[in-house]
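Please load the model in a viewer and keep the selection panel at hand.

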Amino acid sequence: MKKIILIILLSFSLLSCKTSSITSFIGNEFISKEIISLCNTDFLFKKIESKSLLKIIEEDMENNDSNTKISKIISNSNRIILSIGLFDLLKCVYLEEDKLKFEFKLSILELFELNLFNIVEQIYEYNYKVKLTLVSLYNPYINSYDNFYLSLNIGVEKFNQIIKSFALENNISYYDIYKYSLSIKAFNKFDISSEKQILEGLISL
């Protein structure tokens, strides 16, 4: 059974990352790197805010393992999947009496919107022909069924409105993975079935 699943996953990866067409994932890791192993994931992170990603792109930093600059990754890519904003939003999360609390801050959203604009602008400076897809945010705390979960959802929706509007205004494709939030089995980790569905959706764009 495990071998069959592996073959299926590799097939999906082959479809999305053909040798003649390079797809790069940049930003927050929302699909396990094993599933997209044939794509470029040099600048896909477990946790990164938009401010930090913007600095990496503007200063043309290198991946520590491959010693490849991000400008080279972008310029050699036919397609870039950009996932950013989740850990900006999570700056609104805090602990109070050992309970998670969420307080939305407009200033954080506004700064994210500015950083997103500059990130995309810099990507196009490196490669104006690249096909760019923006990925929505999702709720990584979906297993928390108290008021915190409901409050965080409001923040996710506000961020997604900004991301989707920005994509539409700039003729960029937008992919909504928020609907898969219920399939998160642990913090920030989708189950394998949903990861495959997300990848299928990205391929079809």
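Begin by selecting strand β3: Arg79, Ile81 and Ser83 point one way from β3, Ile80 and Leu82 point the other way, and all are buried. Buried denotes under 20% relative accessible area, exposed over 50%, and partly exposed the range in between, with a 1.4 Å probe and protein chains only. The strand is accordingly described as mostly covered, with five of its five residues buried. Helices (H or I, at least four residues) and strands (E, at least two) are DSSP runs, numbered from the N terminus.

The model is a predicted one, in which local features need pLDDT of at least 70 and side-chain atom pairs count only at pLDDT 80 or more, whereas totals for chains, interfaces and linings use all residues. Residues are numbered from 1 along each chain as its sequence is written, and side-chain values use heavy atoms, with hydrogens and water left out.

Two strands count as paired if DSSP finds at least two bridges between them.

Now select the two partners of β3 in turn. Strand β1 (residues 23–28) runs parallel to β3 and is joined to it by five bridges; here Phe25 has Ile81 in β3 as its bridge partner. Strand β6 (residues 131–135) also runs parallel to β3 (residues 79–83), with four bridges between them. Within that pairing, Ile80 stands opposite Leu132 in β6, and the bridge partner of Arg79 in β6 is Lys131.

Centre on Ser83, in strand β3. Ser83 counts as buried because its relative accessibility is 5%. Leaving aside neighbours within four places in sequence, Ser83 is in contact (heavy atoms within 4.5 Å) with Ile26, Gly27, Asn28, Phe30 and Val135.

Move to Ser32, in the loop between β1 and β2. Is Ser32 buried or exposed? At 6% relative accessibility, Ser32 counts as buried. Not counting residues up to four places away in sequence, Ser32 touches Lys189 and Glu195.

**Helices α5 and α6**

Finally, show helix α5 (residues 106–126) together with α6; their axes come within 11 Å and cross at roughly 30°. That angle makes α5 roughly parallel to α6, where under 35 degrees counts as roughly parallel, over 145 as roughly antiparallel, 65 to 115 as roughly perpendicular and the rest as oblique.

Which residues of α5 meet α6? Ile108, Leu109, Phe112, Glu113, Leu116, Phe117 and Val120 in α5 meet Lys158, Phe159, Ile162, Ile163 and Phe166 in α6. The residues of this contact divide into ten nonpolar, no polar and two charged; Ala, Val, Leu, Ile, Met, Phe, Trp, Tyr, Cys and Pro count as nonpolar, Asp, Glu, Lys and Arg as charged, and the others, Gly among them, as polar.

Notes: Axes are lines fitted to C-alpha atoms, for helices over the stretch in contact, and angles run from 0 to 180 degrees between N-to-C directions.
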